[in-house]
Each structure stands twice: as C-alpha cells, then as structure tokens.
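Here is a short briefing on one protein chain. Please look at the sequence and the structure before reading the points below.

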Amino acid sequence: MLEPGSILHDRYLLQRSLGQSRGRQVWLAKDQPQGRSVVVKLLTLGGDVQWEALKLFEREAQVLQQLEHPRIPKHRDYFSLDDQILCFGLVQDYIPGHSLKQLLESGKRFKEAEIRRIARELLAILVYLHGLNPPVLHRDIKPSNIILGDDQQLYLIDFGAVQDAAPTEGKTFTVVGTYGYAPIEQYGGRAVPASDLYALGTTLIHLLTGTPPADLPQDETGLKFRQQTNANPGFVRWLERMIQPSLIKRFTSAEESLKALKTGLNQQNTSLQSPESYPTIVRPMGSRIHLKKTPVALQIDIPAIGLPWIDWVKASLLLVVLSPFVMILLLVAFTSPLLLVVWLLVVWVCYAVLFPKFHPVLSISLVIDRKKLTLVYRFSQVAYLQREVSLSLIRNVVHYQNQGEGIVVVQSDRKKYAIGKEYHLSPHEAIWVAREIDQWLRQKE
C-alpha cells in the first residue's frame with residue numbers, strides 16, 4: 001500500500017497523490033539523489049488492467065526519452081517493481097502550476113486574447129512533435145493535459161495515448177482519446193497530425209464557451225458553438241476549420257494552422273474589412289491626421305475639419321438674413337433665460353439644416369499605451385468626453401466605407417467605438433489608421 005513517505009526504486013520519496021484511476025497512480029515525489037521534484041506515474045498489472053495498457057505505458061516512456069522541448073516535462077526514469085505485484089513506473093519533471101481544467105473548474109473565464117495565446121503556443125509544440133521522424137501524435141489534447149505553470153508558461157503533459165508510427169493496415173489497435181475532444185478518425189485507429197489539431201480546436205472552444213465539447217450541440221457539419229460566444233467572427237471561422245469532421249476540410253498541419261492564425265484568417269471577412277487584408281499602407285498624402293509612436297504609446301490625433309469657403313459664404317448670408325431677428329431675440333433673451341435657450345435651439349436647428357454633414361469644431365485623440373485605449377473627444381479644443389477600454393477587452397479593429405467616407409471601428413467585448421463619420425476620413429485614411437491600431441495591438445499581445 002503506497003502512502004506519503006514511501007520510497008520507490010530506492011530514490012523516489014512519495015509526497016502526495018496527484019490522482020489515480022484503474023490500475024494507475026500519479027504521485028508528486030522527490031528525487032532524493034538529485035533533490036528535484038518529479039512526477040511518478042505507476043501502472044499496476046492485474047485485475048482489469050490488461051497487457052495492452054502496459055504496451056501504451058512503455059510506448060509513452062520510449063517516446064518521452066526522445067523528446068527535447070522546453071514545454072514538455074523532461075523524462076527522467078523508467079523502472080519496474082515486482083516484489084508482490086507487477087508494477088511499472090515512469091518519472092518526469094514536475095511542473096508547478098494548474099491545469100486548464102482546474103482553472104475552468106475554479107470559475108476562471110478565459111478572454112479571447114488568452115485563448116489565442118494558448119493556441120499559438122500549443123501549435124508551436126505540435127509543430128515540433130509532428131516534425132519528428134516519425135511524427136509523434138499526442139492523441140489526447142484536452143484542458144486537463146495542458147498546464148499553466150507558475151512561470152506563466154504552457155506545458156503539454158500526459159503522453160499516455162501517444163502514437164509514434166503510422167497505423168498499419170489490418171493491425172489491431174487500442175481506442176485512445178477522450179470523448180468530445182477526439183476526432184472520428186481516431187476512433188477508427190487512423191489518427192494523423194490533423195487529429196491533434198481537432199483536439200486542440202475543441203479544447204480552445206471549451207475555454208472560449210466554458211462548455212465541454214461533448215455538451216455542445218452538433219450535426220454532420222460539426223460542433224455548433226457560435227451562439228455560445230461573441231468572439232471575433234474570423235477567429236470563430238478559424239476554430240470551425242480546426243474541428244471540421246472531414247480531414248479534407250481541416251487544416252492539414254500545425255504549421256498551416258499557425259500561419260493562418262497569425263496572418264489573417266482569424267480576421268473578419270465581411271463588409272467590415274480587416275487591416276490585415278491589405279498590403280503595407282502608408283500615411284496618405286495630404287492627410288491632416290497626426291500620428292506619433294513611442295516605445296510605450298501610440299497617439300493618433302484627428303483635428304477638426306474647419307468649414308470650406310463655400311460654407312463660410314452660406315453662413316455669412318444666413319447671418320445677414322437673420323440679423324434683424326437675431327437683434328430682437330437677443331434683446332428679449334437678456335430679460336428671459338428661457339427665451340435665450342429657445343433662441344439657441346433655433347440657431348442650432350438652422351445650422352443643422354444648412355450644414356447637415358459638417359461638424360467643424362469636433363476633434364478626437366486616440367492614445368494606446370501598454371494597458372488601455374483612451375479616446376478623448378473635443379469640442380473647439382475643449383475635452384468634453386473621454387472613453388477608456390482595457391486592451392484585454394479589445395476583440396478587433398476593422399474599417400469600412402459609408403457613402404465614400406472611411407470609418408474605423410474598435411470593437412471591445414462590450415461596445416463598438418466608431419471613428420470617422422464626424423471627421424470625414426477618406427477610405428485610404430481609414431485603412432491606414434485601422435492598420436496602425438491593429439499592428440500596435442498585435443505587438444502587445
């Protein structure tokens with residue numbers, strides 16, 4: 001009977017149990033000669049545990065010995081104990097931290113930026129594994145097998161279902177994987193690199209929605225999760241391709257998936273166009289917009305447009321026509337504040353009718369630092385409104401055209417901030433501004 005304080009293989013001092021299942025135990029232990037913390041996985045044969053389980057256990061040990069990656073716990077030892085029962089042990093470095101499953105169960109809700117980071121880092125690990133000869137397939141990617149270490153790095157653990165050779169025609173196989181996360185071809189013993197992509201995709205969807213994939217609705221076209229999230233529509237499409245039931249429609253490699261995530265498939269492809277869909281954009285000639293970059297901030301100032309000469313003429317004619325009435329109203333207004341308010345309202349209505357498209361005294365400044373985006377609205381150089389949004393809440397930056405004018409939209413989890421309508425941005429200016437904001441945000445991810 002194993003318990004804390006027991007010593008295995010004359011060197012591993014058991015400290016506490018990390019989990020157990022049929023015939024298996026996982027312990028946190030101290031490697032006494034080395035003085036390091038390790039994880040000891042034990043497999044005991046007998047009862048319901050069959051020799052096929054030992055075959056998988058030995059394969060895991062053999063594969064781990066070959067792996068050298070900073071985000072995969074290093075293999076340290078493999079041994080057997082047969083005093084009374086036949087027992088095998090596998091030893092790896094211990095990674096202090098919590099699994100993504102533990103974080104979900106504790107109530108953590110992952111933001112889209114965090115999930116995108118997890119996607120990039122796990123795909124980088126898969127690029128390494130699938131690039132080995134022969135490719136190494138994990139075959140059991142899920143939240144419980146991904147550790148967020150105390151060092152804030154992600155680690156892929158538990159290679160108990162690993163496959164390091166292509167399936168052989170007519171050969172028997174053991175069904176491995178976890179229901180909801182494993183693709184259909186894996187249950188037929190035909191796992192390929194894209195099978196790990198499917199499992200990663202369902203894992204990311206679990207983080208995004210908070211719902212295990214087995215509990216999400218699905219049909220012949222795959223999981224239905226769009227209604228469970230307000231994530232960037234382009235990122236949702238990227239996830240949908242990750243989890244396509246058909247291998248033909250799924251990404252074929254981790255490299256392809258990672259490139260798509262980084263270079264724009266995760267962006268919108270609607271009437272709102274992504275800055276990433278355009279080549280390098282420079283400041284348009286003659287633009288009145290001022291842009292300033294420093295190592296810690298990006299500032300974009302869009303000044304008031306001012307009235308063109310034709311509108312100054314219209315305003316002067318209006319003043320001449322209305323001047324007698326203005327004088328009378330001013331005299332009355334001094335004796336009655338209410339009449340003054342009415343007079344100002346009349347002037348404003350006249351202005352709005354004659355100049356419906358012009359707001360010549362409105363300007364805006366947009367400042368992005370390491371933590372937040374700030375919008376400052378000014379009326380004749382006097383700030384009258386300020387909006388702030390945390391960078392972690394920003395989902396997307398896009399632009400579109402409306403009646404020949406460019407508009408930039410910064411979309412957060414809670415609200416959209418549209419810039420351009422009152423400031424008469426040209427379509428080229430809108431593309432440039434949107435791209436500069438988008439590039440700055442990507443640098444800070």
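In this predicted model, Leu197, Tyr198, Leu200, Gly201, Leu204, Ile205 and Leu208 of helix H5 are in contact with Trp238, Leu239 and Met242 of helix H6; contact means heavy atoms within 4.5 Å. Local features need pLDDT of at least 70 and side-chain atom pairs count only at pLDDT 80 or more, while totals for chains, interfaces and linings use all residues. Residues are numbered from 1 along each chain as its sequence is written, and side-chain values use heavy atoms, with hydrogens and water left out.

**Helices H5 and H6**

- The axes of H5 (residues 193-209) and H6 (residues 233-242) come within 8 Å and cross at roughly 140°. Axes are lines fitted to C-alpha atoms, for helices over the stretch in contact, and angles run from 0 to 180 degrees between N-to-C directions.
- H5 and H6 are therefore oblique to each other. Angles under 35 degrees count as roughly parallel, over 145 as roughly antiparallel, 65 to 115 as roughly perpendicular and the rest as oblique.
- Helices (H or I, at least four residues) and strands (E, at least two) are DSSP runs, numbered from the N terminus.

**Aromatic rings**

- The whole structure holds five aromatic pairs. Rings of Phe, Tyr and Trp (its six-membered ring) pair if their centres lie within 6.5 Å; planes under 30 degrees apart count as stacked, over 60 as edge-to-face and the rest as tilted.
- Tyr12 and Phe79 are a stacked pair, with 5.8 Å centre to centre and 20° between the planes. Tyr12 lies in strand S2 (residues 12-21) and Phe79 in strand S5 (residues 75-81), so the pair ties together parts that are 67 residues apart in sequence.
- Tyr12 is buried, at 1% relative accessible area, and Phe79 is buried at 4%. Buried means under 20% relative accessible area, exposed over 50%, partly exposed in between (1.4 Å probe, protein chains only).
- Phe235 and Trp238 both lie in H6, three residues apart, and both are buried.

**Glu256**

- Glu256 is in helix H7 (residues 254-263) and is partly exposed, with a relative accessible area of 28%.
- Not counting residues up to four places away in sequence, Glu256 touches Arg241 and Phe251.
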